[in-house]
Amino acid sequence: MADLMKSVERVKPNPNIPELRPGDTVRVHNRIVEGDRERVQVFQGTVMRLRKGGINANFTVRRIAAHGIGVERTFLLHSPRIEKVEVLRRAHVRRAQLYYLRGRRGKAARLREKRYVGENQ
Amino acid sequence: MKGILGKKVGMTQIFDEKGEVVPVTVIEAGPCFVTQIKTPERDGYAAVQLGFEEVKPKRLTQPQLGHLRKNQLPPLRYLREIRVSDVSQYEEGQKIRVSIFDVGDRVDVTGISKGKGFAGVVKRHGFRGGPKTHGQSDRHRAPGSIGAGTTPGRVYKGMRMAGRMGNARVTVQNLQVVLVDPERNLLAVKGAVPGARNGLLIIREARKTR
């Protein structure tokens, strides 16, 4: 029965999404449909968490918008509306979910950069 | 009127061509066999009896096996009737597959809902219960008044009260077919469907189409 489920949930990895990790600074290019027009919106921020779950897998990106307001957006990893994701920077983090960033602002919310990033760079 | 029997596999979500997420229920539907045809002349009404899910012969009684043997059919776990207006397009022993439905069709799905046991009035009828604070004792999930006093001197029939909930035949109408896979006998409909996983479902062409 589980196999029957899997056949419906065929997951095709998006070739334009590299492997993501918590702490990465990313630019997400997301297609937005407004009425009958389509455009690409870019959302840049830090990956706060990755959630698995087959076709429902998602990731949350946090960015600081104008006036220091934190904005979090969750994207479905397998959504065809995600055009591409660029990784700008990888950081050294010791947690899988970076919820502690929510309570911090400015300098306290910095993450140490990971200079050497193995072979998947 | 066309219909098929199936089994609930589970729920998931898929992306449609617009990239939007659609919640779907996956159903393993068919292959079914037409085990008997009921005609107005002989039976007083028109219907086809469908059989679904092959089982070991020892799971069935001799009368059941004999009924199926009439049309050289394998032992089948479930037999259900579907009313049709015209039986002439069916013949006994015929195989029915999911391919009778196409993506975009509207269907009604019937199943046995999950039993909830003896349920209170809040869960069963959506009552609000009593206040949580201000000195309430034992009133949090109580039904409140169930009627007036000496007149009428009794509780009206049909008063909504606690009792057995679920485990009843439920039909969800007008669900959209979003996926048909004849190879794996799978069908996916938009939205939820009554019953637990592995429960028997009757999938019929929608009676009322919006």
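I began with A:R81, which is buried, with a relative accessible area of 17% (buried is under 20%, exposed over 50%, and partly exposed in between, using a 1.4 Å probe and protein chains only). This is a predicted model, where local features need pLDDT of at least 70 and side-chain atom pairs count only at pLDDT 80 or more, while totals for chains, interfaces and linings use all residues. Residues are numbered from 1 along each chain as its sequence is written, chains are lettered from A and ligands numbered from 1 in the order written, and side-chain values use heavy atoms, leaving out hydrogens and water.

Next I looked up what A:R81 pairs with: it forms a salt bridge with B:E20, the closest N and O atoms being 3.3 Å apart (a salt bridge is a side-chain nitrogen of Lys or Arg within 4 Å of a carboxyl oxygen of Asp or Glu). A:R81 sits in the loop between β4 (70-76) and β5 of chain A and B:E20 in the loop between β1 (3-15) and β2 (21-29) of chain B, so this pair joins two chains. I numbered helices (H or I, at least four residues) and strands (E, at least two) as DSSP runs from the N terminus. B:E20 is partly exposed, at a relative accessible area of 36%.

**Within chain B.** I then found B:R77 and B:E53 meeting in a salt bridge, 3.3 Å from N to O. B:R77 belongs to strand β5 (residues 76-83) and B:E53 to strand β4 (residues 47-54) of chain B, so the bridge ties together parts 24 residues apart in sequence. B:R77 is partly exposed at 41% relative accessibility, whereas B:E53 is buried at 19%.

**Within chain A.** Here I noted one network, in which salt bridges that share partners join A:R31, A:E38 and A:E83. I also noted a salt bridge between the side chains of A:R90 and A:D24, 3.4 Å from N to O. A:R90 is in the loop between β5 (82-89) and β6 (91-92) of chain A and A:D24 in the loop between α1 (2-8) and β1 (25-34), so the pair links parts 66 residues apart in sequence. Both residues, A:R90 and A:D24, are buried.

**Tally.** How many salt bridges are there over all chains? I get 14 by this rule.

**A surface patch.** Last, I checked B:R141, which is exposed, with a relative accessible area of 57%. B:R141 lies in the loop between α3 (121-125) and β9 (163-165) of chain B. With B:K114, B:K116, B:K123 and B:R197, B:R141 gathers in a patch of positive charge on the surface (patch residues have over 30% relative accessible area and no salt bridge, with like charges joined within 9 Å).

Terms used:
Patch = residues over 30% accessible without salt bridge, like charges linked within 9 Å, V, L, I, M, F, W, Y side chains within 5 Å. Areas by Shrake-Rupley, 256 points an atom, 1.4 Å probe, with all protein chains shown as cover. Lys, Arg positive; Asp, Glu negative; His and termini not counted. Charge placed at Lys NZ, Arg CZ, Asp CG, Glu CD.
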